[in-house]
Amino acid sequence: MPIVHFPDAAGKTVTLRTYGDKGHHITASDFPQEVIENIHNVTVVEDDVLLCSYPKTGCHWLWEMARMLQAGTSEVEKVEKEQYMMESRSQSQLSQLPSPRILNTHVLFHQLPQAAKDGKVKVLFIYRNPKDVAVSLYHHVRKIPCFQYEGEFGDYLTELFLKGRVEAGLYFTYTRDWERVMDSRPNLPIFALSYEELQADTFSKAKELARFLGSSADDDTIHDIVDKCSFGSMLDRKGKHWTEKLGSPVMYRKGKVGDWKNWFTVAHSEMMDQIVEKEMEGSRFKFQYTL
């Protein structure tokens, strides 16, 4: 997996490693090469759940909510999602985690373990409007040292994000790839939702998720879980981990729908709209940019 340095519109570079055959990229550190190359060989069992997402689409939020629903209580041990991330933990490390597990990953469907492709484990898939994804990923890349990036948003947007020269590759390629799987194999146990849907009516979506997971949580417990997984609560309980590591809670920045308006120019927004219209024509995924 060669290291690459992609330049933005001003010549500032972001450091990544290439992985796979569909323009997929990963960070240049933290994820061991032998682990990445063997994700498809990870042993998963029937009570495992896989949370699959493009970075910065709400995966931390959904993971925390899902593990509480799975446990049937909001009172769970404080652990970081990265401990259950398939890119960052070896097979032996993952095997030591207590069952049932909610594993998480940013890889594409064809890179998953065979048991997932055979429909033997449940899969959660979350997506988000690409304007907010672009902004959130920009801050993510700027704050985490291994990316070695110091560019401006507009330069990053046009030459990095919109050309797939970012972690996990082009957002539209990633999303359409998962959509093709869902369309061609409708019997696979995949629960798909958008970040915006989860924001707009968190309790109702949490109830749907509870049914999908076979959770024993009643309505009162689900209300408690929703409260415990609010952005403020997540930031207070778990943001300190990243603050200690990186100087700021990079994984919990704002948690809002529509922050893109503070970063996109009119020209940027119109350009993105045109690209979305082309790349997502006929898609089941309808992006929502405001609430």
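In the predicted model, four strands form an open sheet in the order β5-β4-β6-β7, and their pairing is parallel. The edges of this sheet are formed by β5 (102-105) and β7 (190-194), each of which pairs on one side only. Averaged over the sheet and with direction ignored, neighbouring strands are turned by 20 degrees against each other. Strands of a sheet pair through backbone hydrogen bonds, in either a parallel or an antiparallel sense.

Strand β6 comprises residues 122-127 and pairs with β7 in the parallel sense over 5 bridges. Within this pairing, Leu124 has Phe191 of β7 as its bridge partner, and Tyr127 is placed opposite Ser194 of β7. Strand β6 also runs parallel to β4, to which it is joined by 5 bridges. Here Leu51 stands opposite Leu124 of β6.

The surroundings of β6 were examined next. Of the 6 residues of β6, 5 are buried, that is, under 20% relative accessible area, so the strand is largely enclosed by the rest of the structure. Helix α7 (residues 171-184) packs on the sheet and touches β4 (49-53), β5, β6 and β7. The direction of helix α7 makes about 140 degrees with that of β6.

Technical notes
Residues numbered from 1 in each chain as written. Predicted model: local features only at pLDDT ≥ 70, side-chain atom pairs only at ≥ 80, totals over all residues. Heavy atoms only, no water. Pairing = 2+ DSSP bridges. Helix = DSSP H or I, 4+ residues; strand = E, 2+ residues; numbered from the N terminus. Axes fitted to C-alpha atoms, helices over the stretch in contact; angles between N-to-C directions. Contact = heavy atoms within 4.5 Å. Buried < 20%, exposed > 50% of the residue type's maximum accessible area, 1.4 Å probe, protein only.
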